[in-house]
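This briefing covers a single predicted model. The points below are grouped by topic.

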Amino acid sequence: MFGGAATDTMSRLAAGDRTVAVPAADRRNEVGAMARAVQVFRDGLVEADRMAERERADARRNRERLLAAAAAAFAAHDGPVSLEGVARAAGVGIGTLYRHFPTREALIEAVYRAELAEVSACAPALVAEHPPVEALRLWMRRYADFVAAKQGMAESLLAIFDAGIVERSDTRAA
């Protein structure tokens, strides 16, 4: 079988140890070739992970921009909201919108949940930063904005509630 150093090297590489070096004595034999191949493979995986992380960050930014653009479009409620218009306002293509939100209802549900979470989450910060009356006034203004945004979403929200996608109990802060 193979020598102890080569076996140790292969075991460490297989376990993910990226600091291991192939011993000089093994660099030119089959074990060394396998060790180098494992190292190249691991380097490729690390680079693929880095690329995926960048893509995920980019995808998160796109999703956030889509949600902000959709919330603004629904708040304007100048008639039906065009998904193409939402994508354009977010600076992405319609395919990106559909990758994140396969249906209009999925987009509306995501906007609703994001806005509800934001309204619920802003209260403690307002109370901490402002006198109670001012904090309440600011929160009520934010809540009014939340309600106004729902005017353009009303029909779709009712369909989402009726289909059971969002339970009415999910609309209350915990």
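By the ring-pairing rule applied here, the predicted model holds one aromatic pair. That pair is Trp-139 with Tyr-143, and the rings are stacked, with 5.3 Å centre to centre and 15° between the planes.

**Aromatic pair**
- Trp-139 and Tyr-143 both belong to helix α6, where they sit four residues apart, about one turn of the helix.
- Trp-139 has a relative accessible area of 24% and is therefore partly exposed.
- Tyr-143 is also partly exposed, because its relative accessible area is 36%.

**Overall fold**
- The protein has seven helices and zero strands, giving the pattern α-α-α-α-α-α-α along the sequence.
- Of the 174 residues in the protein, 28% are buried.
- The accessible surface amounts to about 11,000 Å², and carbon and sulfur atoms account for 58% of that surface.
- When contacts between residues at least 6 apart in sequence are considered, 58% join residues at least 24 apart.

- In soluble globular proteins, nonpolar side chains tend to be buried together.
- The largest nonpolar core in this model consists of 18 residues, and Leu-66, Val-86, Leu-97 and Leu-107 have the most contacts inside it.
- Two or more residues of this core come from each of α2, α3 (83-90) and α5 (104-129).
- The element that gives the most to this core is α2, with six residues.
- Beyond its neighbours within four places in sequence, Leu-66 is in contact with Val-86, Ala-87, Ala-90, Val-92, Thr-96, Leu-97, His-100 and Phe-101.

**Salt bridges**
- Side chains of opposite charge can pair when their charged atoms come close.
- The count of salt bridges comes to five.
- One of them joins the side chains of Arg-61 and Asp-58 at 3.5 Å, N to O; both residues lie in helix α2, three residues apart, about one turn of the helix.
- Arg-61 counts as partly exposed at 43% relative accessibility, and Asp-58 counts as partly exposed at 37%.
- Another salt bridge is formed by the side chains of Glu-115 and Arg-142 (3.7 Å, N to O).
- Because Glu-115 lies in helix α5 and Arg-142 in helix α6, this pair ties together parts that are 27 residues apart in sequence.
- Glu-115 is buried at 13% relative accessibility, and Arg-142 is buried with a relative accessible area of 15%.
- Arg-142 also forms a salt bridge with Glu-118, with the closest N and O atoms 3.1 Å apart.
- Glu-118 lies in helix α5 and Arg-142 in helix α6, so this pair ties together parts 24 residues apart in sequence.
- Glu-118 is partly exposed, with a relative accessible area of 44%.

**Single residues**
- Asn-62 is placed in helix α2 (residues 30-76) and counts as buried at 11% relative accessibility.
- Not counting residues up to four places away in sequence, Asn-62 touches Val-92, Thr-96 and His-100.
- Ala-71 lies in helix α2 and is buried, with a relative accessible area of 10%.
- The C-alpha atoms of Ala-71 and Glu-115 are separated by 8.1 Å, while the two residues are 44 residues apart along the chain.
- Leu-138 lies in helix α6 (residues 132-151) and, leaving aside neighbours within four places in sequence, is in contact with Leu-126 and His-130.

Methods
Residues numbered from 1 in each chain as written. Predicted model: local features only at pLDDT ≥ 70, side-chain atom pairs only at ≥ 80, totals over all residues. Heavy atoms only, no water. Contact = heavy atoms within 4.5 Å. Buried < 20%, exposed > 50% of the residue type's maximum accessible area, 1.4 Å probe, protein only. Phe/Tyr/Trp six-rings, centres within 6.5 Å; stacked < 30°, edge-to-face > 60°. Areas by Shrake-Rupley, 256 points an atom, 1.4 Å probe, with all protein chains shown as cover. Core = buried A, V, L, I, M, F, W, Y, C linked by side-chain atoms within 4.5 Å. Salt bridge = Lys/Arg side-chain N within 4 Å of Asp/Glu carboxyl O.
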